[in-house]
Amino acid sequence: MLIENAIENKENSTKFREMCGKLNTPIFVDQVVREAVQSQMKGLLDGTLTAESAAAAVMEKIELYLKE
């Protein structure tokens with residue numbers, strides 16, 4: 001079970017990084033944005049999030065922040 005979780009977490013982390021690599025619009029990264037990404041990476045690494053759900057959560061947090 002532990003090995004399966006480690007493999008799945010690595011795959012999710014890889015997928016998330018691949019998705020991030022496809023981003024093509026430069027943005028100014030401030031502390032709020034950085035924290036949004038970092039908080040989702042924790043979920044990816046501990047297996048509680050998929051790459052897709054982590055990316056969606058980051059986008060939701062950033063969009064909300066930018067509307068403020």
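The following questions and answers go through a predicted model of a protein.

Visitor: What kind of model is this, and how are its residues numbered?
Guide: This is a predicted model, in which local features need pLDDT of at least 70, side-chain atom pairs count only at pLDDT 80 or more, and totals for chains, interfaces and linings use all residues. Side-chain values use heavy atoms, with hydrogens and water left out, and residues are numbered from 1 along each chain as its sequence is written.

Visitor: Which pattern does the protein follow along the sequence?
Guide: Helices (H or I, at least four residues) and strands (E, at least two) are DSSP runs, numbered from the N terminus. The protein has three helices and zero strands. Read along the sequence, the pattern is α-α-α.

Visitor: What percentage of the 68 residues count as buried?
Guide: Buried means under 20% relative accessible area and exposed means over 50%, with partly exposed in between (1.4 Å probe, protein chains only). By that rule, the buried share of the 68 residues is 24%.

Visitor: How far does helix H2 reach from its first C-alpha to its last?
Guide: H2 covers residues 31–46, which is 16 residues. The expected span of a helix is 1.5 Å times one less than its number of residues.

Visitor: Within what arc do the buried residues of H2 fall?
Guide: The buried residues of H2 are Val-33, Ala-36, Gln-40, Met-41, Gly-43 and Leu-44. They line one face of the helix, because seen down its axis (using directions from the axis to the C-beta atoms) they fall within an arc of 160 degrees.

Visitor: Which exposed residues does the other face of H2 carry?
Guide: An α-helix has 3.6 residues a turn, so residues three or four places apart point the same way. The face of H2 turned away from its buried side carries Lys-42, Leu-45 and Asp-46.

Visitor: Which residue caps the N-terminal end of H2?
Guide: The cap involves the backbone nitrogen of Val-32. A side-chain oxygen lies 3.2 Å from that nitrogen, and the oxygen belongs to Asp-30.

Visitor: Is Ser-13 buried or exposed?
Guide: Ser-13 is found in helix H1 (residues 2–21). Not counting residues up to four places away in sequence, Ser-13 touches Met-41, Leu-44 and Leu-45, where contact means heavy atoms within 4.5 Å. With a relative accessible area of 8%, Ser-13 is buried.

Visitor: And is Arg-17 buried or exposed?
Guide: Arg-17 also has its place in helix H1. The C-alpha atoms of Arg-17 and Met-41 are separated by 9.7 Å. Because its relative accessible area is 57%, Arg-17 is exposed.

Visitor: What arc do the buried residues of H3 cover?
Guide: Ala-51, Ala-54, Ala-55, Val-58 and Ile-62 are buried in H3. They lie on the same side of H3, because the arc they cover around the axis is only 95 degrees.

Key. A polar contact is a pair of N or O atoms within 3.5 Å; within protein, one must be able to donate a hydrogen and the other to accept it, and residues adjacent in sequence count only if both atoms are side-chain atoms.
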